[in-house]
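Hello,

Please find the structure below, followed by notes on what was found in it.

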Amino acid sequence: MARRVVAISPRGGIAAAALVLLLILAALGAVMSRAEVGAGLSPSDWAALRFTVVQAVLSAVISTICAVPVARALARRRFFGRGVLVTLLGAPFILPVIVAVIGLLTVFGRAGWFNLALGAVGLPPVSIYGLHGVVLAHVFFNLPLATRLLLQGWQTLPSERFRLAAQLRLTPFAAFRAIEWPMLRQVLPGVAALIFVICLTSFAVALTLGGGPRATTVELAIYQAFQFDFDLGRAARLSLAQLVLAGGAALIALWVIPPVSLGSGLDRPVQRWERGGTARALDTICITLAAGFLLLPLSAILWRGTWGLAAVPPVVWKAAGQSIFVGCISVVVLGVLALPMAGWIASSRRGGVEAIGLLGLSASPLMIGTGWFILIHPVAAPATLALPVTALVNALMALPFALRIMVPRLRDTVQDYGRLSATLGLRGWPLWRWVLLPRVRAQAGFAAGLTAALSMGDLGVIALFADQDRVTLPLQMYRLMGAYQMEAAAGAALILLTLALGAFWICDKGGRWHAEA
Amino acid sequence: MLKLEKFEIRQTDFALSADMVLEPRTKYAVIGPSGAGKSTLLNAICGFISLSGGRLLWQGSDITQADPADRPMTMLFQDNNLFPHLSVQQNVGLGLRPDLRLQRDEKDRVAQALARVGLQDHADKRPGALSGGQQSRAALARVLVQARPLVLLDEPFAALGPALRNEMLDLVQSLIEETGAALMMVTHAPQDVRRIADQVIFVEGGRAHAPQPAAALMDNPPPELRAYLG
């Protein structure tokens with residue numbers, strides 16, 4: 001038996017993991033204490049459960065199926081702007097949901113560009129609200145994610161296979177069956193499962209595009225139980241239902257979800273030897289449609305936001321300041337939790353510890369928020385803690401991603417420099433200071449950027465806790481939309497987009513700055 | 001002196017035993033077929049692989065369970081002997097203090113070691129900016145400041161060309177003569193054995209044989225060694 005090579009003390013990691021567990025379990029305990037299990041779920045609660053599952057299944061299936069031709073086209077075509085397009089496929093991941101919704105409303109809304117075009121050719125307008133609106137928004141977010149993951153799959157196919165297929169003169173269909181289908185069969189279920197889990201805990205999309213008895217997700221139902229009835233018992237019961245649903249799905253999905261690599265390497269199309277103008281034309285159509293679907297809402301945000309900036313009221317700037325505060329706290333909390341945990345996971349043989357980080361993903365933000373609301377409510381006015389609780393929950397939500405980003409790099413570091421560090425007696429703080437932190441800096445910067453962007457753009461827990469004063473920018477935007485001040489909301493969306501992308505850019509660049517080898 | 005007492009390493013599909021005494025100020029070459037366990041032997045002596053039996057004694061005290069850093073030895077690996085993100089000076093300085101809070105006299109020692117290996121003008125560079133030979137020199141400068149009684153080399157110069165490798169071996173030889181350390185080095189090349197080794201440890205068939213005088217052994221090898229040398 002080889003002994004543990006590097007002296008990363010597991011104590012910090014265990015403490016951080018215990019803290020994460022405690023935060024989630026305390027919330028769970030509070031929720032259960034109020035749930036009055038005997039009361040059961042009402043018919044409308046069941047409807048919310050059903051809708052949650054239906055929209056998640058539809059979103060996952062549509063995103064995954066549409067991603068196949070797009071990823072295939074991107075994998076085998078070179079064209080001007082391909083690199084930019086692949087990079088942009090990563091953008092929806094850090095795009096605040098409510099900002100995207102503004103973009104989608106501008107394109108697909110009642111008086112949006114799409115309906116104008118339909119009207120011009122004499123067709124009746126379509127409505128974006130309800131099930132198809134929710135699914136449309138989810139596909140907007142997850143089609144790019146699915147495309148990137150599938151593109152990774154295509155990149156793993158060795159180019160020798162395509163050379164062989166060319167030599168054997170396989171027809172395109174035969175080549176697809178022999179080479180690409182086996183890869184897809186491995187990757188597709190994982191991609192679909194990941195999107196399914198993400199969509200199960202959807203709140204902001206349902207809040208803005210869903211609603212009503214026929215388009216309410218469980219998360220939204222929790223919020224409504226709070227906001228309209230202040231029925232903590234019902235919120236608690238729904239939270240439990242959500243935990244069982246999302247937690248169970250996440251645990252099952254854990255086995256099939258592909259590793260989320262966000263690094264480069266996707267910029268190199270595989271050389272292939274296929275003839276046929278039809279295939280080329282189809283690929284062009286796929287790429288154009290996907291790019292349009294992605295770029296139109298994005299440019300709508302820029303276009304409308306620029307005009308709306310003048311209409312932005314002062315409260316928006318105050319909310320922007322509070323959002324920056326929340327983002328900063330989230331990054332600090334994430335650093336304190338994720339670094340020791342990642343170090344512990346990287347130096348331990350079994351990967352089971354990573355599951356604790358994934359708990360954050362399966363426990364829904366609104367469930368944790370509900371739990372902490374119940375805990376805080378008797379001792380203090382929850383609104384006074386709105387911003388810190390939001391920052392904390394957002395950090396927990398970003399934790400699984402941060403671990404997935406940092407652990408592989410730390411594992412490599414332990415592998416490559418563990419013995420050297422051990423002979424030099426590097427342990428504890430000096431080990432982190434001189435070896436681990438410098439090695440993981442780029443990944444930590446990326447994770448911090450992701451956290452800052454996600455946290456600033458999040459519209460979730462804050463909706464439970466906020467009052468008139470303690471408001472983040474996404475919530476302020478939502479309030480403007482609710483008051484039909486769409487110009488101001490669009491201006492706020494542009495500010496939020498700038499903040500989120502800017503925070504991501506600063507952290508990511510900071511991680512890479514002067515980093516060599 | 002270092003004593004390997006009924007030393008046993010057991011891994012899946014692999015076992016190695018050794019029973020020997022290593023004397024101070026002596027240069028040992030470790031030779032043997034690929035996969036025989038030369039690197040494993042060094043890694044076990046250094047504390048990276050736990051023993052399944054036996055003891056390791058230094059000057060009579062048991063160091064079988066000691067931390068790698070607390071053993072009277074330093075080791076150069078096949079690669080990754082320098083941290084690529086730290087300057088040459090910092091890399092060498094880590095040999096004195098893991099927290100790199102160097103006092104004035106410690107800084108002087110680092111500078112002297114760098115001058116000794118001819119890297120005084122490269123102190124602030126990162127390893128990536130150095131040639132392969134210069135990287136080896138930087139690692140040797142660290143070995144010099146660590147000044148441990150035993151230096152283990154697990155083929156750190158394998159990637160260098162023949163002339164450069166000989167140059168490094170000569171440098172190693174003069175450095176350990178200056179510090180008075182013992183040397184234990186894995187090698188595949190019989191000419192290296194003749195070049196520096198006093199004694200040879202032949203590893204083969206699950207056993208590390210006790211050291212034998214190098215010149216006599218190489219002139220008149222036993223059958224197994226003859227088969228390996230070809």
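**Helix contact in chain A**

The axes of helix H5 (residues 97-108) and helix H6 (residues 113-120), both of chain A, cross at roughly 10° and come within 4 Å. Axes here are lines fitted to C-alpha atoms, for helices over the stretch in contact, and angles run from 0 to 180 degrees between N-to-C directions. H5(A) and H6(A) are therefore roughly parallel to each other (angles under 35 degrees count as roughly parallel). H5(A) contributes A:Thr106, A:Val107 and A:Phe108 to the contact, and H6(A) contributes A:Trp113, A:Phe114 and A:Asn115; contact means heavy atoms within 4.5 Å. By type these residues divide into 4 nonpolar, 2 polar and no charged (Ala, Val, Leu, Ile, Met, Phe, Trp, Tyr, Cys and Pro count as nonpolar, Asp, Glu, Lys and Arg as charged, the others, Gly among them, as polar). Helices (H or I, at least four residues) and strands (E, at least two) are DSSP runs, numbered from the N terminus.

This is a predicted model, in which local features need pLDDT of at least 70, side-chain atom pairs count only at pLDDT 80 or more, and totals for chains, interfaces and linings use all residues. Residues are numbered from 1 along each chain as its sequence is written, chains are lettered from A and ligands numbered from 1 in the order in which they are written, and side-chain values use heavy atoms, with hydrogens and water left out.

**A loop residue in chain A**

A:Thr472 lies in the loop between helix H19 (461-465) and helix H20 (473-482) of chain A. Its relative accessibility is 3%, so A:Thr472 counts as buried (under 20% relative accessible area, with a 1.4 Å probe and protein chains only). Beyond neighbours within four places in sequence, A:Thr472 is in contact with residues including A:Ala319, A:Leu387 and A:Asp458.

**Strands in chain B**

Strand E1 (residues 2-11) and strand E4 (residues 53-58) of chain B pair in the antiparallel sense over 5 bridges; two strands pair if DSSP finds at least two bridges between them. B:Lys3 has B:Leu57 in E4(B) as its bridge partner. E4(B) also pairs with strand E5 (residues 61-62) of chain B, in the antiparallel sense over 2 bridges, with B:Trp58 opposite B:Ser61. E4(B) and E5(B) form a hairpin with 2 residues between them, and B:Gln59 in the turn has a positive phi of about 50°.

Regards

Note on methods: Parallel < 35°, antiparallel > 145°, perpendicular 65-115°, else oblique. Buried < 20%, exposed > 50% of the residue type's maximum accessible area, 1.4 Å probe, protein only.
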